[in-house]
Amino acid sequence: MNRIASFSIDHDYIVPGIYLSRIDGDVVTYDMRTRVPNTGDLMDNATMHTFEHMFATFVRNSSVSDNVIYFGPMGCQTGFYLLVRNLSHAEVIALIKDTILSILSYEGEVFGKSRKECGNYINLDLQLAKKEAARYFESIRDYTEDKLVYPKGDTK
């Protein structure tokens, strides 16, 4: 059985940040790691779910929305994946930062917070998403392209 590429990264060295996870043709996957893996410091479902609603809506309404393929949470509750095409690394870093700032400044109902729009609409809390966004922004505030490489450690 072929090994999934993300399993070849030693998660004991990952810290919050943005990492270039993989490139498949013209689709580039970024690992938006908001938490340190394997420490018990995990996002609860309401935080992860709300952050997903907010980030996905903002990024799909950005000036580069046609280049956004997917945004969603990692099952391990330590981050998210952002898949894009036709964007430079610098553009993606700026997009992530701008989207985080949009979450932080947003006032109103959580996007998609209705029974008709979401399968678990009662499990959404804007303040939790904002708290996660603020925490994550501190980790990526000064992020540059040279930091997109996973930290040392390879489990191959």
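**View 1. Helix α1 against helix α3.** The axes of α1 and α3 cross at roughly 80° and come within 8 Å of each other, where axes are lines fitted to C-alpha atoms, for helices over the stretch in contact, with angles from 0 to 180 degrees between N-to-C directions. The two helices, α1 and α3, are therefore roughly perpendicular, a term for angles of 65 to 115 degrees. Ala 46, Thr 47, Thr 50, Phe 51 and Met 54 of α1 meet Leu 126, Leu 128, Ala 129, Glu 132 and Ala 133 of α3, contact being heavy atoms within 4.5 Å.

This is a predicted model, in which local features need pLDDT of at least 70 and side-chain atom pairs count only at pLDDT 80 or more, while totals for chains, interfaces and linings use all residues. Residues are numbered from 1 along each chain as its sequence is written, and side-chain values use heavy atoms, with hydrogens and water left out.

View 2. Of the 15 residues of α1, 11 are buried, meaning under 20% relative accessible area (1.4 Å probe, protein chains only). Among the elements that cover these buried residues are β2 (27–33), β4 (79–85) and α2 (89–105). At the start of α1, a side-chain oxygen of Asp 44 lies within 3.0 Å of the backbone nitrogen of Ala 46.

**View 3. Thr 78 in its loop.** Thr 78 sits in the loop between β3 and β4, and because its relative accessibility is 2%, Thr 78 counts as buried. Residues that Thr 78 touches, not counting those up to four places away in sequence, include Met 32, Val 36, Pro 37 and Leu 42.

Terms used. Buried < 20%, exposed > 50% of the residue type's maximum accessible area, 1.4 Å probe, protein only. Helix = DSSP H or I, 4+ residues; strand = E, 2+ residues; numbered from the N terminus. Polar contact = N/O pair within 3.5 Å; in protein donor to acceptor, adjacent residues only side chain to side chain. Parallel < 35°, antiparallel > 145°, perpendicular 65-115°, else oblique.
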